[in-house]
Amino acid sequence: MSENQPILPVLEANNILVKKGGVPVLDIPHFSIEQGKHLSLIGPNGAGKSTLLLTLANLSGNTFSKGEIYFKGNKIDLSYSTSIAYRRNISMVFHEPLLFDTTVFNNVASGLKIRGIPLPEIKNIVDEYLNRFGISHLSNRSAKRLSGGEAKRTSLARAFATKPEILFLDEPFTFLDLPTRESLIEDLKKNLKETGTTTIMATHDSMEAYMLSDCITVMNQGKIVQSGLPIDVINNPANKFVSSFMGMMMLKQG
């Protein structure tokens, strides 16, 4: 590839408008992310982070009012076949693990089974990701008997096991105590680096975004107010809102 040739984004969205009850809750002229990058959507509760995440993952249902989404240059529409094909290339982890009532092994294997992966290969893949997230010893345990941290690890292992092109994370560390949260962030950071998985994470915690991201996109009232390298957003806030919001992170660091 020529040095002057632009790098095409793996995911791009233009003129996104989402309404709920006829009221606009998301207005995004442009959003994009390159292959292998890690981007965090941050902002206060109600800023539109999760709505944008669900819209980009084509999981927003009938609330997607206007706009275009492109995956590797190909437009994604809302038809069943196109939507399914796109979703097979992505994984999503919600703030609640949403595990099936079965064993940890079967939960991590579920996405692979849907994709028709041969059983011997499924076992190898599941074993790998159980090990990556430190839950191999929980393989045969019922999901109902997991702690909050164990359930989060199982959910992440399940998402990574399908080897998605894009991983969407919606407040993945919610309700965890500090030691569990810090340990899980380190494991997630390690796995993102080793797998090179493109990641978009929604969080209200600036520290999480700073630790896990190449790019931070600050949102407020359904709009993107600033996007850039974490250090640039911190040192050169676009307005008083960004300055105040990112300032809270600096206080936590101190």
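In this predicted model, β6 supplies the largest share of the lining of the largest pocket, namely 4 residues.

**The largest pocket**
- The largest pocket has a volume of about 610 Å³, and of the 20 residues that line it, I90, S91, M92, I114 and R115 are the closest to its centre.
- At least two lining residues come from each of α2 (80–87), β6 (90–93), α3 (104–114) and α5 (148–161).
- By class, the lining of this pocket consists of 11 nonpolar, 5 polar and 4 charged residues.

**The second largest pocket**
- The second largest pocket holds about 150 Å³ of space, and its lining includes P9, S32, H38, D214 and G228.
- β2 (23–33) and β3 (38–42) each contribute at least two residues to this lining, which divides into 5 nonpolar, 3 polar and 3 charged residues.

**The nonpolar cores**
- The largest nonpolar core has 32 residues, of which V126, F173 and L188 touch the most other members.
- At least two residues of this core come from each of α3, α4 (119–132), α5, β7 (166–170) and α6 (178–195), and α5 gives the most, with 6 residues.
- Leaving aside residues up to four places away in sequence, F173 touches K152, R181, L184, I185, L188, M201, E208 and L212.
- Another core, of 28 residues, lies apart from the largest one, and its members include L52, F71, M92 and F168.

Key. Residues are numbered from 1 along each chain as its sequence is written. This is a predicted model: local features need pLDDT of at least 70, side-chain atom pairs count only at pLDDT 80 or more; totals for chains, interfaces and linings use all residues. Side-chain values use heavy atoms; hydrogens and water are left out. On a 1 Å grid over the protein atoms alone, a cavity is a set of points where a 1.4 Å probe fits but cannot get out, and a pocket is an open set with protein on both sides within 12 Å along at least five of seven lines; lining residues have an atom within 4 Å of a point. Grid points are joined across faces, edges and corners, and a volume is the space filled by probe spheres set on the points. Ala, Val, Leu, Ile, Met, Phe, Trp, Tyr, Cys and Pro count as nonpolar, Asp, Glu, Lys and Arg as charged, and the others, Gly among them, as polar. A nonpolar core is a set of buried Ala, Val, Leu, Ile, Met, Phe, Trp, Tyr and Cys residues joined through side-chain atoms within 4.5 Å. Buried means under 20% relative accessible area, exposed over 50%, partly exposed in between (1.4 Å probe, protein chains only). Contact means heavy atoms within 4.5 Å.
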